[in-house]
Amino acid sequence: MIPLPRAWALTSALLIGTAVGLILGIALTLLVDAPVRPDVAIAFVVGVPSAIGMLMILFSGRRWMTTAGAFVLAIAPGWLGVLVAIQAVHGA
């Protein structure tokens, strides 16, 4: 059984995780100058945080671990949103 935290803690973790994903996406876009294939970038941006977050949630034994897994899982949509917005602005 997955231990569920309080609703306010879970939603706070999801909201803060998305904001961290946005900031992380902007920071890494400014730092990385090497050309990266789009499929590799999307796989990295969506796959890594999603896999880590899901594993943290599935194997959590405490409520705080489930909250941390939700936080890590919420990084992916924010990061992907930054990449999509950058592509839309550049007209690609």
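View 1. With a relative accessible area of 49%, L58 is partly exposed, a class that lies between buried (under 20% relative accessible area) and exposed (over 50%), judged with a 1.4 Å probe and protein chains only. L58 belongs to helix 2, which covers residues 38-58; helices are DSSP runs of H or I with at least four residues, strands are runs of E with at least two, and both are numbered from the N terminus. Together with I2, L4, M54, L55 and F59, L58 makes a nonpolar surface patch of about 630 Å². Such a patch joins nonpolar side chains (Val, Leu, Ile, Met, Phe, Trp, Tyr) within 5 Å, and like charges within 9 Å, from residues with over 30% relative accessible area and no salt bridge; the areas come from the Shrake-Rupley method with a 1.4 Å probe, and for residues only the protein chains shown count as cover.

The model is predicted, and local features need pLDDT of at least 70, side-chain atom pairs count only at pLDDT 80 or more, while totals for chains, interfaces and linings use all residues. Residues are numbered from 1 along each chain as its sequence is written, and side-chain values use heavy atoms, with hydrogens and water left out.

**View 2. The salt bridge between R37 and D39.** R37 and D39 form a salt bridge in which the closest N and O atoms are 2.6 Å apart, the rule being a side-chain nitrogen of Lys or Arg within 4 Å of a carboxyl oxygen of Asp or Glu. The count by this rule is one. R37 is exposed at 54% relative accessibility, whereas D39, at 44%, is partly exposed.

**View 3. The aromatic pair of F44 and W79.** The structure holds one aromatic pair. The ring centres of F44 and W79 are 5.6 Å apart and the planes stand at 85°, so the pair is edge-to-face. The pair links distant parts of the chain, since F44 is in helix 2 and W79 in helix 4 (residues 75-90), 35 residues apart. Rings of Phe, Tyr and Trp (its six-membered ring) pair if their centres lie within 6.5 Å, and planes under 30 degrees apart count as stacked, over 60 as edge-to-face and the rest as tilted. W79 is buried, with a relative accessible area of 8%, while F44 is partly exposed at 46%.

**View 4. T67 and its contacts.** T67, in helix 3 (residues 63-73), counts as buried at 16% relative accessibility. Leaving aside neighbours within four places in sequence, T67 is in contact with P5, A9 and A13, where contact means heavy atoms within 4.5 Å.
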